[in-house]
Amino acid sequence: MNQRARFFMVFLLIALAMAAGLSRTLWEREEQSSLMGQIAWDGFFFGLPLILAGCLLASARWAFMAGVIYGTIGLALDVSTIVQDLVHPTPQQAFVLMSGITGLLNFLLIVVGGGGFLDVGSAGKPPEVPPPSPRFPSAT
């Protein structure tokens, strides 16, 4: 498994969790969601990236693809947030900037995770086989 891709993906996942924490502390939610809704969003924005980072540090190769899926969902949320904010009469530039930054992190997560998952290195090579035995001379 590619060590650089693994550590870079761990860095991206931690950066996404930190960005979620930063945006949560900077901007209060206008409407409070239910307790279960808040737990679900916190699990998605904080728990899932940290769990995936731990799995990558434990050399779980499937965590690369799970990170790609997570990044794809996050990128879709970022794009929809940017579009929704830009169509309002007074767009809030801080929301657009933060969604742009996390969108870039999610895009890099998709690229690095896909490359890490598809890079099989020496694990994908067939084992060395001995050359065929020479033919026995015929007895005729």
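Trainee: Which backbone oxygen does the side chain of Thr-102 reach?

Mentor: A polar contact is a pair of N or O atoms within 3.5 Å. In this predicted model, the side chain of Thr-102 reaches the backbone oxygen of Ser-99, at 3.2 Å.

Trainee: Where is Thr-102 placed?

Mentor: Thr-102 sits in helix 4, which covers residues 93-118.

Trainee: Is Thr-102 buried or exposed?

Mentor: Buried means under 20% relative accessible area. Thr-102 has a relative accessible area of 12%, so Thr-102 is buried.

Trainee: Which residues does Thr-102 touch, not counting residues up to four places away in sequence?

Mentor: Thr-102 touches Leu-16, Ala-19 and Asp-78.

Trainee: How many residues apart in sequence are Val-112 and Leu-12?

Mentor: Val-112 and Leu-12 are 100 residues apart in sequence, and from C-alpha to C-alpha they are 9.3 Å apart in space. For the protein chain, take the contacts with a separation of 6 or more: 77% of them join residues 24 or more positions apart.

Trainee: How many helices and strands are there in the protein chain?

Mentor: The protein chain has four helices and zero strands, giving the pattern α-α-α-α along the sequence.

Trainee: What share of the residues in the protein chain is buried?

Mentor: Of the 140 residues, 27% are buried. The protein chain exposes about 9600 Å², and carbon and sulfur atoms supply 70% of that area.

Methods:
Residues are numbered from 1 along each chain as its sequence is written. This is a predicted model: local features need pLDDT of at least 70, side-chain atom pairs count only at pLDDT 80 or more; totals for chains, interfaces and linings use all residues. Side-chain values use heavy atoms; hydrogens and water are left out. Helices (H or I, at least four residues) and strands (E, at least two) are DSSP runs, numbered from the N terminus. Buried means under 20% relative accessible area, exposed over 50%, partly exposed in between (1.4 Å probe, protein chains only). A polar contact is a pair of N or O atoms within 3.5 Å; within protein, one must be able to donate a hydrogen and the other to accept it, and residues adjacent in sequence count only if both atoms are side-chain atoms. Contact means heavy atoms within 4.5 Å. Accessible areas come from the Shrake-Rupley method with a 1.4 Å probe; for residues, only the protein chains shown count as cover.
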